[in-house]
Amino acid sequence: MKARTITATFKYCNSGTQEVKTVNCLFTDRNEKYELTKVYIVEFGHEVLFSKDDNTFLVND
């Protein structure tokens, strides 16, 4: 498992809002293989969908 600090855009699916945050994430070897993957965010305490292509987290609010 690898820990990384990422500054990314958080897009909230239901409200349509977005914001830029810096968070600490835990990546597994499986996460490294895919473009769209779930990563564990330490500050949230759960996994969130992450797009590596555009550096975006998709959050259900």
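## The hairpin between strands 4 and 5

In this predicted model, strand 4 and strand 5 make a hairpin, with four residues separating them. The two strands run antiparallel and are joined by three bridges. Across this pairing, phenylalanine 50 has phenylalanine 57 in strand 5 as its bridge partner.

Asparagine 55 lies in the loop between strand 4 and strand 5, and its phi is positive, about 55 degrees, although the residue is not a glycine. As background, most residues other than glycine have a negative phi. How exposed is asparagine 55? Its relative accessibility is 29%, so asparagine 55 counts as partly exposed.

Leucine 49 sits in strand 4. With a relative accessible area of 29%, leucine 49 falls in the partly exposed class, because buried would call for under 20%. Leucine 49 touches Leu36, Thr37 and Lys38, and also Thr56, Phe57 and Leu58, leaving aside residues up to four places away in sequence. Leucine 49 and leucine 36 are 13 residues apart along the chain, and their C-alpha atoms are separated by 7.0 Å.

## How the barrel closes

Zooming out, five strands close into a barrel, in the order 1-2-3-4-5, with mixed pairing. From one strand to the next, the twist averages 50 degrees.

Strand 1 and strand 2 run antiparallel and are joined by 10 bridges. Strand 2 then pairs with strand 3 in the antiparallel sense over two bridges, where cysteine 25 is partnered with isoleucine 41.

Which way do strand 1 and strand 5 run relative to each other, parallel or antiparallel? They run parallel, and four bridges join them. Threonine 9 turns up here again, standing opposite threonine 56 in strand 5. So much for the backbone; on to the side chains.

As a general point, nonpolar side chains in soluble globular proteins tend to be buried together.

Not counting residues up to four places away in sequence, phenylalanine 50 touches Ile6, Ala8, Phe27, Glu35, Leu36, Thr37, Val39, Asn55, Thr56 and Phe57.

## Aromatic rings

How many aromatic pairs are there? The count comes to four. One of them joins phenylalanine 10 and phenylalanine 57, which are stacked, with 4.7 Å centre to centre and 20 degrees between the planes. This pair links distant parts of the chain, since phenylalanine 10 belongs to strand 1 and phenylalanine 57 to strand 5, 47 residues apart. Phenylalanine 10 is buried at a relative accessible area of 0%, and phenylalanine 57 is buried at 0% as well.

Why is the pair of phenylalanine 27 and phenylalanine 50 edge-to-face? Their planes sit at 80 degrees, with the ring centres 6.2 Å apart, and the edge-to-face label applies because planes over 60 degrees apart get it. Phenylalanine 27 is in strand 2 and phenylalanine 50 in strand 4, so this pair ties together parts 23 residues apart in sequence. Both phenylalanine 27 and phenylalanine 50 are buried. Taken together, ring pairs link Phe10, Phe27, Phe44, Phe50 and Phe57 into a cluster.

## Charges over the rings

Arginine 4 lies over phenylalanine 27, at 4.8 Å from the ring centre. Lysine 21 lies over the face of phenylalanine 10, at 5.4 Å from the ring centre.

How values were computed. Residues numbered from 1 in each chain as written. Predicted model: local features only at pLDDT ≥ 70, side-chain atom pairs only at ≥ 80, totals over all residues. Heavy atoms only, no water. Contact = heavy atoms within 4.5 Å. Phe/Tyr/Trp six-rings, centres within 6.5 Å; stacked < 30°, edge-to-face > 60°. Buried < 20%, exposed > 50% of the residue type's maximum accessible area, 1.4 Å probe, protein only. Lys NZ or Arg CZ within 6 Å of the ring centre and 35° of its normal. Pairing = 2+ DSSP bridges. Axes fitted to C-alpha atoms, helices over the stretch in contact; angles between N-to-C directions.
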